[in-house]
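Please keep the sequence and the structure in view while reading.

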Amino acid sequence: MAEKPEDLHLPTTIVTKMIKDCLPTTCKVSKEANIAITKAASVFVLYATASANSVAQKSSRKTITGSDVVTAMGEMEFDKFVRPLENSLAIWRRGQQEKKDLAAKKKASATALKDDEAGTVDEDKQSVQSVIQID
């Protein structure tokens, strides 16, 4: 962990890109404003992380979960963010489950294919052995 909170900051280029993406193209943002928003975003992330960590510790856990972050948003009185965050987490969890299901399906398919190939080799061996025994 960093020595001072000032050492922890979000990359300015990423925050600047986020700012540009959410504003109309006709709107310009000064360098000073970019820096101020970057600092504010960094402070918010630190505050949200500390609050979520507090929620996790109250539950005797060391790992912060998405649910801890949602609870922390409510405790921080950012109630407007709770519902959208819950929706985003649900979408993310579904995506992760779909990836997991797809990976399991691929693994099962590969195993079945491998078993089929092994069965074909066994059948070939049996055919050769039966030909050898006939001769």
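Which residues does E75 touch, not counting residues up to four places away in sequence? E75 touches V55 and K58, where contact means heavy atoms within 4.5 Å. E75 itself is found in helix α3, and it counts as partly exposed because its relative accessible area is 45%; the scale used here calls a residue buried under 20% relative accessible area, exposed over 50% and partly exposed in between, with a 1.4 Å probe and protein chains only. In sequence E75 lies 27 residues from A48, and the C-alpha to C-alpha distance between E75 and A48 is 9.9 Å.

The model is predicted, so that local features need pLDDT of at least 70 and side-chain atom pairs count only at pLDDT 80 or more, while totals for chains, interfaces and linings use all residues. Residues are numbered from 1 along each chain as its sequence is written, and side-chain values use heavy atoms, with hydrogens and water left out.

**Overall make-up**

The protein has four helices and zero strands, and from the N terminus on its elements run α-α-α-α. Helices (H or I, at least four residues) and strands (E, at least two) are DSSP runs, numbered from the N terminus. Of the 135 residues, 13% count as buried. Among contacts between residues at least 6 apart in sequence, 36% join residues at least 24 apart.

Helix α2 covers residues 31–58, which is 28 residues, and it reaches 41 Å from its first C-alpha to its last, close to the 40 Å expected at 1.5 Å a residue; the expected span is 1.5 Å times one less than the number of residues. The helix is followed by S60, whose phi is positive, near 60°.

The buried residues of α2 are N34, T38, S42, A48, S51, A52, V55 and A56, and they pack against α1 (12–22) and α3 (66–75). An α-helix has 3.6 residues a turn, so residues three or four places apart point the same way. T38, in helix α2, counts as buried because its relative accessibility is 5%; leaving out residues up to four places away in sequence, T38 touches L10, T12 and V15. S42, also placed in helix α2, is buried because its relative accessible area is 7%, and, with neighbours within four places in sequence left aside, S42 is in contact with L8, H9 and L10.

α1 and α2 pack at an angle of about 105°, with their axes 9 Å apart, where axes are lines fitted to C-alpha atoms, for helices over the stretch in contact, and angles run from 0 to 180 degrees between N-to-C directions. That angle makes α1 roughly perpendicular to α2, a label given to angles of 65 to 115 degrees, with those under 35 degrees called roughly parallel, those over 145 roughly antiparallel and the rest oblique. At this crossing T12, V15, T16 and I19 in α1 meet N34, I37 and T38 in α2.

The axes of α2 and α3 come within 8 Å and cross at roughly 110°, which makes α2 roughly perpendicular to α3. Here F44, A48, S51, A52, V55, A56 and K58 in α2 meet D68, V69, T71, A72, M73 and E75 in α3.

The structure holds two aromatic pairs; rings of Phe, Tyr and Trp (its six-membered ring) pair if their centres lie within 6.5 Å, and planes under 30 degrees apart count as stacked, over 60 as edge-to-face and the rest as tilted. F44 and F78 form an edge-to-face pair, and this pair links distant parts of the chain, with F44 in helix α2 and F78 in the loop between α3 and α4 (79–134), 34 residues apart. The rings of F78 and F81 form a tilted pair.

| Pair | Centre to centre | Angle between planes |
|---|---|---|
| F44 and F78 | 5.3 Å | 85° |
| F78 and F81 | 5.6 Å | 45° |

F44 is partly exposed, with a relative accessible area of 30%; F78 is partly exposed at 27% relative accessibility; and F81 is partly exposed, with a relative accessible area of 45%.
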